[in-house]
Amino acid sequence: MAQPLDADRLAEHLQRPGNRLAPLYTVSGDEPLLVTEAVDVLRASARNAGYTDRLSMVMDARSDWSSVTAATQSVSLFGDRRILEIKIPTGKPGKAGADTLTRLAEQAEKQADPDTLILIALPRLDKATRDSRWAQALSRGGMMVDIANIERGRLPAWIGMRLARQNQRADNATLQWMADKVEGNLLAAHQEIQKLGLLYPEGQLASEDVERAVLNVARYDVFGLRDAMLAGDTGRTIRMIDGLRAEGEALPLVLWAVGEEIRLLARVAEARALGQDVNGLMRRLRIFGAHERLALQALGRVQPGVWPAAVQHAHEVDRLIKGLSVPGRLSDPWEEMTRLALRVAAAGGRP
């Protein structure tokens, strides 16, 4: 039976003494942030259990599902145990996919400790799909994690819980105000919570500070940098980074604006390459109006292979900000921040 778990409860389940990883996990839900977090928790637990190799596949009804079967039968050259991630964005595997998923589930049911751990990510399944042969087989063969949506009434409490993770608190009126501003969008709420963690110390947050962080356009110079980067204006990109540095802007906030944009567009670029609904995805990611026009301009200019490399580059800049050295990167995180932004602004560069 499906268990309505979020990433936090799933982590608690995995950390209980005596609990072993199931051979197969199916994560379904309509909130991209929560599904991603649940998958991240499973991935980390699998790595800790010795599953060091990872293969990710995006499939649908038109895909060649024999490649999935081959992936489960192949053996790593180094003898590593493997995580096989199968993402089915449409939730419709087709007949070949349904047969393949059923066979995998039946194999998993017989193997308590396999060399390949299977992780399947799906959107929320309707009743007819949940009752299908393949979905029932997945439920029997492993653990099905149904990620419940965060309804509007629960959103203030959810924001409060996320603030508590970074040791910050806000009164109920402020939490309600934030919930109104993000219009029920968890990804937007997540971004605002991260911003508050960058701008303000631990402890109680003043309502005026929260409103200033969300609304004050004076802090939004970093988004001017983002727009210059998307427009391919290299000169303005460099000038804005130099200006932000001279004004004493917090580098983590600059990286947040640039790095988050790169991560979002990497997702859109991947969806476009797979022939998925890019417009729908951009709406869910809250990319609208002028921002949408600039994003599409950047996606048309930047080679698809640049985006994943830029995401990795952003992680490396974060390490530099924390005082860690990164081989092949400059020691000055501001200089490396400039190189990251120019990776998109200048376009045409090698990934």
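## Asp115 and its salt bridge

Asp115 is exposed, at 55% relative accessibility; by the cut-offs used here, buried means under 20% relative accessible area, exposed over 50%, and partly exposed in between (1.4 Å probe, protein chains only). The side chain of Asp115 meets that of Arg81 in a salt bridge, at 4.0 Å from N to O. A salt bridge is defined as a side-chain nitrogen of Lys or Arg within 4 Å of a carboxyl oxygen of Asp or Glu. This pair links distant parts of the chain, 34 residues apart: Arg81 lies in the loop between α3 (66-73) and β3 (82-87), and Asp115 in the loop between α4 (94-110) and β4 (116-122). Helices (H or I, at least four residues) and strands (E, at least two) are DSSP runs, numbered from the N terminus.

## Basis of the model

The model is predicted: local features need pLDDT of at least 70 and side-chain atom pairs count only at pLDDT 80 or more, whereas totals for chains, interfaces and linings use all residues. Residues are numbered from 1 along each chain as its sequence is written, and side-chain values use heavy atoms, with hydrogens and water left out.

## Other salt bridges

The structure holds 20 salt bridges. One of them joins Arg62 to Asp60, with the closest N and O atoms 3.8 Å apart. Arg62 is exposed at 72% relative accessibility, whereas Asp60 is buried at 18%.

Asp227 and Arg226 form another salt bridge, their closest N and O atoms being 3.0 Å apart. Asp227 is partly exposed, with a relative accessible area of 23%, while Arg226 is buried, at 12%.

## Domains and their interface

The chain is divided into domain 1 (7-146), domain 2 (160-216) and domain 3 (222-345), with bounds from an automatic or database domain assignment. The centres of domain 2 and domain 3, taken over C-alpha atoms, are separated by 23 Å. In domain 2, 11 residues are in contact with nine residues of domain 3, contact meaning heavy atoms within 4.5 Å.

About 840 Å² is buried between domain 2 and domain 3, and carbon and sulfur atoms give 63% of this area. Buried area is the accessible area (1.4 Å probe) that two parts lose on being put together, summed over both. Leu187, Gln191 and Leu198 supply 50% of the area that domain 2 buries against domain 3, more than any other three residues. Between domain 2 and domain 3 there are zero salt bridges.
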